[in-house]
Amino acid sequence: MGTLTLLLTRIGLVNDIYTVMIVNSMMLIPGIPMVNAFRNLLCGNEINGMLEILKALLESIAIVCGFVLSIFLFGGLISW
């Protein structure tokens, strides 16, 4: 998604690249699984809750790394 956003910025269809990236990342961050993980922690399912939190955090980190990698690889397209 980050690469597509950078290319659309280069073409001229997108004005502000960072707003588009923030909106896309907010749509992908697992909010509901994070809430369910905390609910499991509070209800007494500690192991299941910790595993769900770890899973949600790893998904969020993977999303952020994908956007950072696309900016590093194709970030020079903005300055053309």
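Predicted model: local features only at pLDDT ≥ 70, side-chain atom pairs only at ≥ 80, totals over all residues.

Leaving out residues up to four places away in sequence, Phe-74 touches Thr-3 and Leu-6, where contact means heavy atoms within 4.5 Å. Phe-74 is found in helix 4, helices being DSSP runs of H or I with at least four residues, numbered from the N terminus. At 33% relative accessibility, Phe-74 counts as partly exposed, because that class lies between buried, which is under 20% relative accessible area, and exposed, which is over 50%, with a 1.4 Å probe and protein chains only. Phe-74 and Glu-59 are 15 residues apart in sequence, and their C-alpha atoms are 23 Å apart in space.

Residues are numbered from 1 along each chain as its sequence is written, and side-chain values use heavy atoms, with hydrogens and water left out.

Turning to helix 1, which covers residues 2-11, we find Thr-9 within it. Is Thr-9 buried or exposed? Its relative accessible area is 19%, and Thr-9 therefore counts as buried. A polar atom of the Thr-9 side chain lies 2.8 Å from the backbone oxygen of Thr-5. Beyond its neighbours within four places in sequence, Thr-9 is in contact with Val-14 and Ile-17.

Helix 3, spanning residues 31-43, is the place of Ala-37. Ala-37 has 0% relative accessibility and so counts as buried. Which residues does Ala-37 touch, not counting those up to four places away in sequence? They are Gly-49, Glu-52 and Ile-53. Ala-37 can also be related to Leu-54, which is 17 residues apart from it along the chain, with 9.1 Å separating the two C-alpha atoms. Pro-33 has its place in helix 3 as well, but Pro-33 is partly exposed, at 33% relative accessibility. Between Pro-33 and Lys-55 there are 8.7 Å in space, C-alpha to C-alpha, although the two are 22 residues apart in sequence.

Helix 4 runs over residues 46-74 and includes Leu-57, a residue that counts as partly exposed at 42% relative accessibility. Leu-57 belongs to a nonpolar surface patch of about 610 Å², made together with Ile-47, Leu-51, Leu-54, Leu-58 and Ile-61. Patches are made of residues with over 30% relative accessible area and no salt bridge, like charges being joined within 9 Å and nonpolar side chains (Val, Leu, Ile, Met, Phe, Trp, Tyr) within 5 Å. The accessible areas come from the Shrake-Rupley method with a 1.4 Å probe, and for residues only the protein chains shown count as cover. A salt bridge, in turn, is a side-chain nitrogen of Lys or Arg within 4 Å of a carboxyl oxygen of Asp or Glu.

Asn-48 is also placed in helix 4, and its relative accessibility of 37% makes it partly exposed. The C-alpha atoms of Asn-48 and Asn-15 are separated by 43 Å, the two residues being 33 residues apart along the chain.

The cysteines remain to be considered. Cys-43 counts as exposed, at 58% relative accessibility, whereas Cys-65 counts as partly exposed, at 47%. With a disulfide taken as a pair of cysteine sulfur atoms within 2.5 Å, the count comes to zero disulfides.

How values were computed
Helix = DSSP H or I, 4+ residues; strand = E, 2+ residues; numbered from the N terminus. Polar contact = N/O pair within 3.5 Å; in protein donor to acceptor, adjacent residues only side chain to side chain.
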